[in-house]
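Dear colleague,

Please find below the structure that I am handing over to you. My notes on what was found in it follow directly after.

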Amino acid sequence: MTRMLRWALLVSATAGVTIPLDLVGVPSAALFAGLAVGIALALAALAPKHMPRPAGVIAQGVLGVYIGTMVHHDAIGAIGSDWLIVLAITVATLLLSVVAGGLLGLRGDVSPLTGSLALVAGGASGLVAIARELGGDDRVVSVVQYLRVALVTATIPLVVTLVFHADRQAAGQSVSAGETATAPWYLSLAMLAVIVAVGVVGGRWVKLPGAGLLGPLALTVALQLTGLSFGLAVPVLLVQAAYMVIGWQAGIAFTRGSLRAIGRILPLALGLIVVLGVATAGLGIVLADVTGMTQLEGYLATSPGGVYAVLATAVETGSNVTFIVAAQVLRVLLMLFVAPLMARAMARLGRRRDRRRGGAADVSVDPGRTGATPAPGVRPAPSRPAA
């Protein structure tokens with residue numbers, strides 16, 4: 001099959017899967033569709049050989065700006081005098097994620113670096129986008145991160161109903177509270193291009209890990225908080241395209257060997273996700289006790305994922321939407337900015353450990369790919385006869 005036909009099949013199939021997923025409310029439906037279609041075509045030897053690097057960088061930049069536009073001055077200000085406890089709870093969530101990732105990394109199939117990135121409780125799409133650049137395996141990170149998002153999103157209605165017995169018909173605040181008027185599309189596109197270009201170049205200049213995502217994200221947040229974004233809004237089609245590219249980037253790298261390796265870690269990953277969810281719910285109770293909010297509001301403010309489901313539930317139950325938005329935004333931003341720094345530190349420690357042991361660095365060739373680029377996150381299983 002020619003290169004153009006492979007790309008046409010990938011694009012059309014992904015669009016066809018995205019539409020029904022979007023209709024049923026799957027978070028980041030285009031990314032999930034791109035990942036699933038990319039895996040299917042890669043296993044059938046029908047996918048493009050690789051994703052062009054410029055496309056990945058542009059997709060990261062678009063996603064960084066999109067996440068940045070979620071930050072609103074009024075929402076952040078809603079935390080008020082409770083900022084210290086909210087920050088402490090968010091840091092505790094990050095530490096729990098790192099511990100869970102370290103436990104996942106104790107398996108022989110996954111490096112500690114990849115395990116930590118896979119279980120960081122926030123910014124799933126952003127972490128998937130930059131996992132490979134940070135030295136992790138984006139295939140493992142994408143599967144485990146979206147398993148977390150799917151599980152948290154699916155359980156929120158059950159927990160709210162069965163544990164908190166919440167009245168889902170209560171009148172709540174508008175989710176759009178604090179938003180400004182949207183700029184014309186042509187102005188938004190011009191600002192987007194400038195922010196991505198300046199953010200990527202500036203991020204690389206200051207040696208920011210994951211500069212393609214975090215540079216534009218940091219610049220957008222600064223513009224939002226200073227009121228200089230002029231109603232910047234990323235067009236929906238561009239966001240969907242960026243999600244697809246990020247999903248393809250991980251999906252088309254799959255092989256049968258890597259899929260088997262990931263399948264072996266999924267039971268442990270699922271158990272760790274459940275433990276992480278229970279632990280953050282406990283942190284939500286602490287937050288509620290300190291701030292005087294209801295336990296339901298504390299649970300929603302500290303939920304380790306499923307932001308859109310959290311906001312919808314907050315509105316339906318008459319919860320403090322503005323505070324919950326602020327806490328969730330702070331969680332996502334902290335995870336996205338700290339996780340790459342953490343990854344860089346872990347990679348350095350890993351290299352020092354390997355040098356002391358006199359062994360090779362913590363990378364391995366994917367067992368199902370001949371002559372492949374070393375995959376730093378998934379280690380091969382012990383040798384066995386080919387299936």
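Predicted model: local features only at pLDDT ≥ 70, side-chain atom pairs only at ≥ 80, totals over all residues.

Is phenylalanine 230 buried or exposed? Phenylalanine 230 is exposed, because its relative accessible area is 54%; buried means under 20% relative accessible area, exposed over 50%, and partly exposed in between, with a 1.4 Å probe and protein chains only. This residue is found in the loop between α10 (211-226) and α11 (236-251). Although phenylalanine 230 is not a glycine, it has a positive phi of about 55°.

Residues are numbered from 1 along each chain as its sequence is written, and side-chain values use heavy atoms, with hydrogens and water left out.

The overall picture is as follows. The protein has 15 helices and 0 strands; helices (H or I, at least four residues) and strands (E, at least two) are DSSP runs, numbered from the N terminus. Of the 387 residues in the protein, 49% are buried. The accessible surface comes to about 17300 Å², and carbon and sulfur atoms account for 69% of it; such areas come from the Shrake-Rupley method with a 1.4 Å probe, and for residues only the protein chains shown count as cover. Among contacts (heavy atoms within 4.5 Å) between residues at least 6 apart in sequence, 76% join residues at least 24 apart.

Helix α7 (residues 124-134) is largely enclosed by the rest of the structure, because 9 of its 11 residues are buried. Among these buried residues are Gly126, Leu127, Val128 and Ile130. Serine 125 also lies in helix α7, and it counts as buried because its relative accessible area is 9%. Leaving aside residues up to four places away in sequence, serine 125 touches Leu31, Leu63, Tyr146, Tyr243 and Ile246. Glycine 135 follows α7 and has a positive phi, near 105°.

Which salt bridges are present? The search of the whole structure finds 2 of them, a salt bridge being a side-chain nitrogen of Lys or Arg within 4 Å of a carboxyl oxygen of Asp or Glu. One joins arginine 132 to aspartate 138, with the closest N and O atoms 2.9 Å apart. Arginine 132 is partly exposed, at 42% relative accessibility, whereas aspartate 138 is buried, at 3%. In the other salt bridge, the side chains of aspartate 137 and arginine 139 meet at 2.7 Å, N to O. Aspartate 137 is buried at 2% relative accessibility, and arginine 139 is buried with a relative accessible area of 3%.

Arginine 352 sits in helix α15 (residues 321-357) and is partly exposed, with a relative accessible area of 46%.

Finally, alanine 45 is a residue other than glycine with a positive phi, near 60°. Alanine 45 is placed in the loop between α2 (29-43) and α3 (53-68).

Yours sincerely
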